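Welcome! Please take a moment to look over the sequence and the 3D structure shown here before reading on.

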Amino acid sequence: MSTSFQSPTPRGYYGEFGGAFVPEMLYPNVEELQQRYLDILADADFQAEFQQLLRDYVGRPTPLLEARRLSARYGTRVFLKREDLCHTGAHKINNTVGQILLAKRLGKKRIIAETGAGQHGVATATVCALMGLPCVVYMGAVDMERQRPNVARMRLLGAEVRSARSGSQTLKDATNEAIRDWIANPVDTHYIIGSVVGPHPYPDLVARLQSVISEEMRRQLLAQTGSELPAYVVACVGGGSNAAGAFYHFLDEPSVQLVAVEAAGRGLDSGHSAATSVLGRPGIIHGSRTLLMQDEHGQITEPYSLSAGLDYPGIGPLHAHLGASGRARFVSITDDEALTAVSELSRLEGIIPALETAHALAALGQLGAGPEEVVVVNLSGRGDKDLETYLNNLDKLL
Ligand SMILES: *Cc1c(COP(=O)(O)O)cnc(C)c1O
């Protein structure tokens, strides 16, 4: 039995979820990472370079804003952790900065990544430009179409974007292509995974790199409210990296309620959803045992969300465990509810959120938080990349 939610077992398990289920040809890569990641992360040199880049390149610490009009609307004290102000517009860059420094220390000369909404691809292309490493990003053909500005950004940054044309042509298919590339290039290539998914050690590695979010929250809450501990922390979950970062330093504080918000898409029973914690069963996807949307034959069900960053058929093993153990509460929000939250935050606070982030905001009405209670919503990203989607749904936004 583990006493802390923060660390998986040495073999990468959070309760019954996690592990490393990879083809034999990937053993050496994954094993090298497993054996070296903790030492590299703890190294003083690594930490100095990581902290300097988080400050001067990413723009950390990001502000914690008390959102007064939103608070009045929901009758509670709402704070927004402004990851939308990070360089490249979302929390993803925290992870890619850390992983490129890790890749350099592993002697890797080439970087690959998968991307859904394009934010992780942009964040990866960005740090590859910064470090002068070649970069190949795999992206589903459907996502390339609905996230064209991010495809252009990656190309401007010097990355090669390769389209994945199998299955639903979205994030899971892009991940399959990236894994194939890694198998073909095991020695010189580091695969920068964009969320707390994949074989051990990725879920733990990415959670630790994103944990700067909750580390800053504790300091900022103490200064602004007199206590390091809020009543609630709310975050949206695609794979679960922004939520893992926002929850991390509160995982072992039982008084803090953790709320994970998934995409219900057109509705839980509609057949067009991505709410894995409700619709999923244990299975293996992309190298780890976790909750997974699948049919009675174990075939992966195509996920759906209007938001490209949330339509993944699995969730990270940490989140599967947080759900199963009751440590986190899972809520699901439909496309339309998320769009309403986009318009609400835009008009009440002058902040246009990413569509993924809007799912977390839409959960505010379901918390039951009291007037003096502090609720922190992790504002994972800004809405610039979603303007085309917003334009296509103006009837619901105006
Ligand atoms: C990618 C993305 C997400 C979903 O990914 P997680 O790993 O679950 O955080 C959420 N919000 C934004 C803005 C994103 O770009």
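This report looks at the surroundings of the ligand and then at some features of the backbone. Please keep in mind that the model is predicted.

The ligand sits in the largest cavity.

How many residues surround the ligand? There are 17 of them, and the closest are K92, S195, G238, G240 and S241. What kinds of residues make up this shell? It holds 12 polar residues, along with 3 nonpolar and 2 charged ones.

| Residue | Part of the residue | Distance to an oxygen atom of the ligand |
|---|---|---|
| S195 | N or O atom in the side chain | 2.6 Å |
| G238 | polar backbone atom | 2.7 Å |
| N242 | polar side-chain atom | 2.8 Å |

How much of the ligand does the protein bury? Taken alone, the ligand exposes 380 Å², and the protein buries 97% of that area.

**Along the backbone**

Now let us follow the chain itself and stop at a few loops.

Where do cis peptide bonds turn up? One joins R60 to P61, with omega near -5°. P61 has its place in the loop between α2 (44-58) and β3 (64-66). Another cis peptide bond runs from H200 to P201, and its omega is near 15°. You will find P201 in the loop that lies between β8 (189-192) and α9 (202-210).

T88 is not a glycine, yet its phi is positive, at about 75°. The loop between β4 (77-81) and α4 (92-105) is where T88 is found. Q169, also not a glycine, has a positive phi of about 55°. Its place is in the loop between β7 (160-164) and α8 (171-184).

Definitions and conventions: Residues are numbered from 1 along each chain as its sequence is written. This is a predicted model: local features need pLDDT of at least 70, side-chain atom pairs count only at pLDDT 80 or more; totals for chains, interfaces and linings use all residues. Side-chain values use heavy atoms; hydrogens and water are left out. A residue is near a molecule or strand if one of its heavy atoms lies within 4 Å of it. A polar contact is a pair of N or O atoms within 3.5 Å; within protein, one must be able to donate a hydrogen and the other to accept it, and residues adjacent in sequence count only if both atoms are side-chain atoms. Accessible areas come from the Shrake-Rupley method with a 1.4 Å probe; for residues, only the protein chains shown count as cover. On a 1 Å grid over the protein atoms alone, a cavity is a set of points where a 1.4 Å probe fits but cannot get out, and a pocket is an open set with protein on both sides within 12 Å along at least five of seven lines; lining residues have an atom within 4 Å of a point. A molecule sits in a cavity or pocket if more than half of its atoms lie within 2 Å of its grid points. Ala, Val, Leu, Ile, Met, Phe, Trp, Tyr, Cys and Pro count as nonpolar, Asp, Glu, Lys and Arg as charged, and the others, Gly among them, as polar. Helices (H or I, at least four residues) and strands (E, at least two) are DSSP runs, numbered from the N terminus.
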